[in-house]
Structures are given as structure tokens and as C-alpha cells.
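Me: Hi! Could you help me look over the inside and the surface of this model?

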Amino acid sequence: MDLAFIPSPSVGVVHLGPIPLRGYAFCIIIGVFVGVWLGNKRWIQRGGRSGTVADIAVWAVPFGLVGGRLYHVITTYEPYFGKNGHPLDAFKVWEGGLGIWGAVALGAVGAWIGCRRRGIPMPAYADALAPGLALGQAIGRWGNWFNQELYGKPTDVPWALKISADPAIGRVGGTYHPTFLYECLWCIGVAALVIWADKRFRLGHGRAFALYVAAYCAGRAWIEYMRVDEAHHILGLRLNVWTALIVFVLAVVYFVVSAKRAPGREEVVEPGALEERAAAEAAAAESAGKDGDAATDADGAEAPAKAPAAKSPAEGPAGEADAADADSKPAGSGSTKKS
């Protein structure tokens, strides 16, 4: 008997009237927002404008979703184009099935288009976005938890994932390795690694992105090996294991070659951004200086106005008496004495 395990949600979708709210979609959306948010912060730190990352993401995200779905459908075509397949199901992204390899590849095409339109170097944008992509993947993997999919081999460890039986799709109930959780934690570690290495070594020209790719592939290879879902095999290894190994090698080669050809980091990542920031800071400082001068002038003008009215205690009664004599003096009289 299993004394401890991670429960799976009984349903992956909640209906708000006629509108279905799917956990898988929510995880993807939240992951995108977190990735863009962190990417924007890093882009500003590198000297770019606020909002540029989001503007380019408008191109990258749709391309990435299409690429991720295409990779999944091509490498797992049987449910859609095989015997008794349903081709229209290929468009049901909300039911799961996004390949990260296709998402990053075609998403990069969209990002390249956005960067070209803004006159921004693509490698610098990729470096700023790299840790955010890893965090976005970490969040997105929880979509597999909602769908009860892509789990690992049977196990009775305390953190095993409880999967419910579903004869309609051939799913066997039991406790399995939560590979979605392993990949989530690995991606968080990858994000931390890239942030640390980027600060420590000032990575530039796409090397932070290459580090993210290499580190992710290293983890994905062993996590993929644990999974039990259907997949194509080549020489005894799952297709995605081969993909991870090949992409890992390419990322390492790029990192080494880039470090030799273009050491250091880009000085300018977005034309005009530094000048605009310097001008805005100068204007703010000038405005603050004027406000300080105005406050000083106001304080200086107030002092002379109050000085004549100030009297010593000895002068107080005499002044009041003089005012009383002036009030009692007849009009036109030249004498100051009373009659």
C-alpha cells in the first residue's frame, strides 16, 4: 500500500458556463507571462527599452506555439494521421501535445522577425530571454499534471504521482515517477545557472542562450529516458533523447566558437535606448534642481516679510499704545497729545 504520493487532479478543465477553463492552457499562459516579465527586466539591465521584449514576443509566441504543435504532430502522427486517426485533433492544442524543440526553433524565427523590425541583434535578445524561457517551461510542465500525461516508470517512492485509470485511452492506474515535476525543478535550476553565469562571466552574443539550451538538454535526456508514453525509437533510444543529445552538442559548439570570435558582451543592444535614458535622467535631475531652487527662493522671500512684524516683548505694549493714540487723534490735528 502506498503511504504517500502526489495526487493528480480529478479533472483538467472547469466550465465557467459555456466557457471551458483548462489547466493546461493556464499553465502555458502563465509561463509565457513570467518569461516575458523576466526577459524585460534583463533587457532593461542590458541597456534596452522597457516593452521591447513584449513587442517581439508578439511575434515569437505564436510562432512558438505553431512550431511546438507541428513537432508533436510530426513525431507522434499516429493519433492524427495513422489508422483510425483524427486529423482535426491536430488542432486541439488545449488537450496537450507541444514539443519544446519545435517551439524554440520556430519561436526563434518569430523572434528574428521581431528583432529585424526593431533593429535589434537577435543574440542579445536571446540572452536576455534565456532564464525566462526556462522558468516558463517549469510552469508550463504543470499542464501535464492537469492532463495526467507524460509520467515516468512505475514507482513507490513517497513523491510518486498517482495516475487514475482511463480505459478509453488505455491509461493504467497506479503510481509513477512524476517526470513533469523533475523537469520543472530542473528548469528552475537551469534558470538559476544562467542568471549566475551571466553575472559572473558577462555572457554575450548568444552564449547565455546557448548555456540554457545545453543545460536543459542535459536534463531532458535523462528525464526523457524515464518516460513510458509511446514514442518512436532509434537504435534503442527515444527520439527525444537523440534530439536532446544532438542539440546539446550544437549548443556547446556554438558557445565555444562564439567565445573565440566575439568575446565579451554587446555594448549596445538597442539603438538609442541609452541616449533616451540618459536624457530622461538629466531632465529629471534638472526638474528636481528647479524645484529645489524654487523652494529656496520661497523661503528667502518669506523671511523679510515677517521681519518688520517681529517685536520684542518690551515693544509690545508701547506699540499697542501708539496704535490707540493714533485712533483717538482728531482728523487734521498736528499734535499727538490728547485734548
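Me: How much space lies in the largest cavity?
Reply: About 30 Å³. A cavity here is a set of points on a 1 Å grid over the protein atoms alone where a 1.4 Å probe fits but cannot get out, and the volume is the space filled by probe spheres set on the points, which are joined across faces, edges and corners. This is a predicted model, where local features need pLDDT of at least 70, side-chain atom pairs count only at pLDDT 80 or more, and totals for chains, interfaces and linings use all residues. Residues are numbered from 1 along each chain as its sequence is written, and side-chain values use heavy atoms, with hydrogens and water left out.

Me: Which residues line the largest cavity?
Reply: The lining is R141, N144, L150, T179, F180, E183, I223 and R227, where lining residues have an atom within 4 Å of a point.

Me: And which helix gives the most to that lining?
Reply: Helix α7 (residues 179–201), with three residues. Helices are DSSP runs (H or I, at least four residues), numbered from the N terminus.

Me: Switching to the surface, which residues form the nonpolar patch?
Reply: F248, V249, V252, V253, V256 and V257, with about 430 Å² of accessible area together. Areas come from the Shrake-Rupley method with a 1.4 Å probe, and for residues only the protein chains shown count as cover.

Me: Why does F248 count as partly exposed?
Reply: Because its relative accessibility is 33%, and partly exposed lies between buried (under 20%) and exposed (over 50%). F248 sits in helix α9 (residues 239–261).

How values were computed. 1 Å grid on protein atoms, 1.4 Å probe; cavity = no way out; pocket = protein on both sides within 12 Å on 5 of 7 lines; lining within 4 Å. Helix = DSSP H or I, 4+ residues; strand = E, 2+ residues; numbered from the N terminus. Patch = residues over 30% accessible without salt bridge, like charges linked within 9 Å, V, L, I, M, F, W, Y side chains within 5 Å. Salt bridge = Lys/Arg side-chain N within 4 Å of Asp/Glu carboxyl O. Buried < 20%, exposed > 50% of the residue type's maximum accessible area, 1.4 Å probe, protein only.
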